[in-house]
Amino acid sequence: MASDSSASASPVVTRFAPSPTGYLHLGGARTALFNWLFARHHGGKALLRIEDTDRARSTPDAIEKILDGLEWLGLDYDEAPVFQSERAERHAQVANQLLAAGHAYKCFATPEELEAMRAEQRANKQPLRYDGRWRDREPGPEQDGMPYTIRIKTPVDGETVIEDAVQGTVRVANSEIDDYIILRGDGTPTYMLAVVVDDADMGCTHIIRGDDHLNNAFRQLPIIRAMQEMGEDWREPVYAHVPLIHGSDGAKLSKRHGAVGVEAYRDELGVLPEALFNYLLRLGWGHGDREEITRQEAIELFTLEGVGRSPSRFDLKKLQNLNGHYIREADDARLAKLVAERIGPEADAELLRQAMPFLKPRAKDVNELAASAAFLFTSRPLEMTEKAEGLLDAEARARLSEVSQALAAENDWTSEALEATTKSLAERLEIGLGKLAQPMRAALTGTTVSPGIFDVLILLGKEESLARIDAQARALSE
């Protein structure tokens, strides 16, 4: 198997080459991450190419979403992005070089002829591939002025062997690879040509991509080898084809498994970028039993030998647990800013910052943080959840009246003093502390889930805390 040792032969250059026909999906994000880490590990260059030749489906919005997602994950690039659509002239130039040198040929087969050929192959249960009808044929007068495509001449005999840095040794009989089109009849390049030309011109030494592209490598090598024969300094890259990501049911990850775009994990699920970075890293790559790996550690540890050959299964619960870890580790002011954006203009960033040490130990995502902090900015009368309302029966409201009197007399508004005062009241009433704490939580937050009740009192302050408790106590008489 090819290994990272091959990276030392020349400076490493990797590329991530998304097609901007939609969002940056998880598989693409992981491919980008692996390319970026490999380049950073070897002190090489990480490049970005936008494969926007599908003009109908490639939109500025999709391009912006991809760039935004990469930036959010912290993946920076050493040069400005290359836009494939701007390089069509160069692609056509290479096609015509190959044609002039006899490594490619003109094919005048009409769409009707090709469809008849495929129909016959289907009828005979043969593989559907071009039969080479124009490979060794010279055009006659009847072809003058007729449209044609340019096809590459692929090897006919033997086999092509690739030492893949992830998949190991892979062999394909050359008879299985047909002479595919590299330049269409309208003069535009095909994907197969454009990719190879761009990789060569960008100096890519390693092609790290999904294993759904493995067959493409066998089709792309003939172009590289033909250019080498013509004296061009085109080097064969080291290929590393990474298994795809599957859903929990073992099927290829798709929309039916839930959110698959990076921005959905950020915006809809409240995931931090360092959590997704860490999770994607561990999705198909490993270093012992390590689960939590920092960005710098990932750069130091990442090798292609650590990439497994089997598909990885996406597990949302694992991601959420990892996200909870990074929320607990995150800077309070940063979290406060993220939560404030979700709550709205009424949110006080400084109050949120003060609340974070009490809120973040319980939260698995930023949305949970925002939900648990909402009580801080709710106007009276509080809207009660059904469970909170259930805690506020007549007996509970009567006890809240006594809680209000006891807390109003408390001049030391600290967590320790408030706890002592409340415990003392519970002992005097001969009830457990929970019989006071639960209705207090409902009265103060409108919910049954919150930070510790004495932390809530501190965050709301004495005046607001007493006002909320009194509002529920008064409801008894009303």
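Predicted model: local features only at pLDDT ≥ 70, side-chain atom pairs only at ≥ 80, totals over all residues.

**Stop 1: the largest pocket**

Select His25, Gly27, Gly28, Asp212 and His213, the lining residues nearest the centre of the largest pocket. The space in this pocket comes to about 860 Å³, and 35 residues line it.

Next, colour β1 (13–16), α1 (26–41), α5 (191–201) and β9 (206–210), each of which gives at least two residues to the pocket lining. Which element supplies the largest share of that lining? The answer is α1, with 6 residues. Colouring the lining by residue class gives 16 nonpolar, 11 polar and 8 charged residues.

**Stop 2: the largest cavity**

How many cavities of 30 Å³ or more does the whole structure have? The search finds 1, and the largest cavity has a volume of about 30 Å³.

To find the cavity, select Lys65, Asp68, Gly69, Trp72, Val262, Glu263 and Arg266, which line it. The largest share is from α2, which contributes 4 residues. By class, the cavity lining has 2 nonpolar, 1 polar and 4 charged residues.

**Stop 3**

Lys45 belongs to strand β2 (residues 45–50) and Glu79 to the loop between α2 (60–73) and β3 (82–83), so the bridge ties together parts that are 34 residues apart in sequence. Across the whole structure, 33 salt bridges are found.

**Stop 4: two crossing helices**

Finish by selecting residues 332–343, helix α11, together with residues 366–373, helix α13. The axes of α11 and α13 come within 9 Å and cross at roughly 70°. The two helices are therefore roughly perpendicular to each other.

Now show the side chains where the helices touch. On α11, the contact residues are Leu335, Leu338, Val339, Arg342 and Ile343. Facing them in the contact, α13 provides Val366, Asn367, Leu369, Ala370 and Ala373. Sorted by class, the contact of α11 with α13 contains 8 nonpolar residues, 1 polar and 1 charged.

Conventions. Residues numbered from 1 in each chain as written. Heavy atoms only, no water. 1 Å grid on protein atoms, 1.4 Å probe; cavity = no way out; pocket = protein on both sides within 12 Å on 5 of 7 lines; lining within 4 Å. Points joined across faces, edges and corners; volume = space filled by probe spheres on them. Nonpolar A, V, L, I, M, F, W, Y, C, P; charged D, E, K, R; others polar. Axes fitted to C-alpha atoms, helices over the stretch in contact; angles between N-to-C directions. Parallel < 35°, antiparallel > 145°, perpendicular 65-115°, else oblique. Contact = heavy atoms within 4.5 Å. Salt bridge = Lys/Arg side-chain N within 4 Å of Asp/Glu carboxyl O.
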